[in-house]
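The sequence and structure come first, and the description follows.

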Amino acid sequence: MNNHEDVISAFVDNEPVSAGDLAAALAAPDGRDYLIDLLVLRGIVSDGLPDALKPGGAIGRVQPPGARRSTPAFWLPVAAAALVAIGLGAGFVAGRALDRPAPVTPSPVVTQSPAADAARAVAPAPTHVIRMEKGIDWNERSGGN
């Protein structure tokens with residue numbers, strides 16, 4: 001990392017940089033201007049991002065590895081999953097407890113012969129009669145003419 005821009009870029013990206021190289025890079029006016037440009041650009045780019053996607057870098061707030069989040073955004077999916085699990089469990093238990101077979105009642109056995117059904121069945125009277133006349137309603141041709 002000889003170039004002061006590389007050193008400052010690595011520092012802003014939270015990469016390891018020696019203190020001497022960083023001091024030398026920031027000693028030059030161009031180096032300080034480049035640091036300001038990078039910080040402004042990073043702020044512009046990360047303005048529309050949610051906090052979880054914002055780059056940490058040397059200027060970001062990074063939680064210690066052992067820190068726990070207690071924000072409502074963290075607990076919302078946990079609560080939703082718990083409600084789903086409780087609902088599924090309650091539904092399973094209720095289904096098992098209430099699953100009783102219907103009482104069996106003897107049904108009468110009815111046997112009928114098809115001839116008896118046919119004798120009783122009477123066709124209804126026609127409501128409209130359509131008359132078809134040869135030559136008027138259709139033409140019959142034989143021989144494929």
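## Confidence and fold

Over residues 57-61 the pLDDT stays under 50, and for this stretch the model has nine contacts beyond four places in sequence. Where pLDDT is low, the predicted coordinates should not be read in detail. The whole model is predicted. Its pLDDT averages 76, and 69% of the residues score at least 70. Among the elements of the protein, the lowest and highest mean pLDDT belong to two helices, listed here.

| Helix | Residues | Mean pLDDT |
|---|---|---|
| α5 (lowest) | 114-120 | 66 |
| α2 (highest) | 19-27 | 88 |

The protein has five helices and zero strands. Along the sequence, the pattern reads α-α-α-α-α. Of the contacts with a separation of 6 or more, 35% are between residues 24 or more positions apart.

## Burial and surface

How much of the protein counts as buried? Of its 145 residues, the share is 9%.

Part of the surface is a nonpolar patch of about 290 Å², made by I36, V40 and I44. One of these residues, I44, lies in helix α3, which covers residues 29-46. Is I44 buried or exposed? I44 counts as exposed because its relative accessibility is 57%, and the cut-off for exposed is over 50%.

Definitions and conventions. Residues numbered from 1 in each chain as written. Predicted model: local features only at pLDDT ≥ 70, side-chain atom pairs only at ≥ 80, totals over all residues. Heavy atoms only, no water. Helix = DSSP H or I, 4+ residues; strand = E, 2+ residues; numbered from the N terminus. Buried < 20%, exposed > 50% of the residue type's maximum accessible area, 1.4 Å probe, protein only. Contact = heavy atoms within 4.5 Å. Patch = residues over 30% accessible without salt bridge, like charges linked within 9 Å, V, L, I, M, F, W, Y side chains within 5 Å. Areas by Shrake-Rupley, 256 points an atom, 1.4 Å probe, with all protein chains shown as cover. Salt bridge = Lys/Arg side-chain N within 4 Å of Asp/Glu carboxyl O. pLDDT = per-residue confidence, 0-100.
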